[in-house]
Amino acid sequence: SSAAADRQSVTLAADTRGHFVTEGAINGRPIRFVIDTGATLVALPAADATRLGIDYRKGELALTKTAAGVVPVYRVRLDTVRLGAIEISAVDGVVIEQGLDIALLGMSFLNRVDMRHEGQAMTLTRRY
C-alpha cells in the first residue's frame, strides 16, 4: 500500500451555492461547519458553543470586523476538531454571540491540512 493511502483525508462536495458544508465534531460532539478559507480561526455561533459545553465567556474578549460591523468575540482553544478521518488537537477558535448562524471551519484548522479544490470537490488531507 502506498503512503498516500494511509493518510487521513476527506473529500467534500460543494452545495448549489458553491459552499462546502459538512458535518464534523468539536470536542467529540457533532457540529455542522462551512469551510471558510477567509476566516482566520474556527468561528462558532454562541448557541453551538453552549451546546458543545464550551464556557466561552471565560475566553479573552476581543473585537472583530465582520460583514455586519464590529462585533465582540471570545477567544477559545478547542481540544479537538474533527472532519471525517482528520482530527486536529488544540485548535484556536472564537465564539461570536451575534450575526453568525453556522460554524466556520477557518484557517486555524485548514492550515494544518493540505487542501485541493477541483471543480465541485474539495479534498482535505492531514499533514504529517
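E23 is found in strand β2 (residues 21-26), strands being DSSP runs of E of at least two residues, numbered from the N terminus. The model is predicted, with local features requiring pLDDT of at least 70 and side-chain atom pairs counted only at pLDDT 80 or more, whereas totals for chains, interfaces and linings use all residues. Residues are numbered from 1 along each chain as its sequence is written, and side-chain values use heavy atoms, without hydrogens and water.

With a relative accessibility of 48%, E23 counts as partly exposed (buried is under 20% relative accessible area, exposed over 50%, partly exposed in between; 1.4 Å probe, protein chains only). Beyond four places in sequence, E23 is in contact (heavy atoms within 4.5 Å) with I31, R32 and L83. The C-alpha atoms of E23 and R82 are separated by 9.1 Å, at 59 residues apart along the chain.

T125 lies in strand β10 (residues 121-126) and counts as buried at 15% relative accessibility. Its contacts, neighbours within four places in sequence excluded, are R7, Q8, S9, I86, V113 and D114.

The largest nonpolar core has 31 residues, of which I26, L44 and F109 touch the most other members. Such a core is a set of buried Ala, Val, Leu, Ile, Met, Phe, Trp, Tyr and Cys residues joined through side-chain atoms within 4.5 Å. Strand β6 (residues 69-83) supplies the largest share of this core, five residues. A second, separate core of 11 residues includes V34, A39, L41 and V73. Not counting residues up to four places away in sequence, L44 touches, among others, I26, I31, L78 and L100.

Methods: Helices (H or I, at least four residues) and strands (E, at least two) are DSSP runs, numbered from the N terminus.
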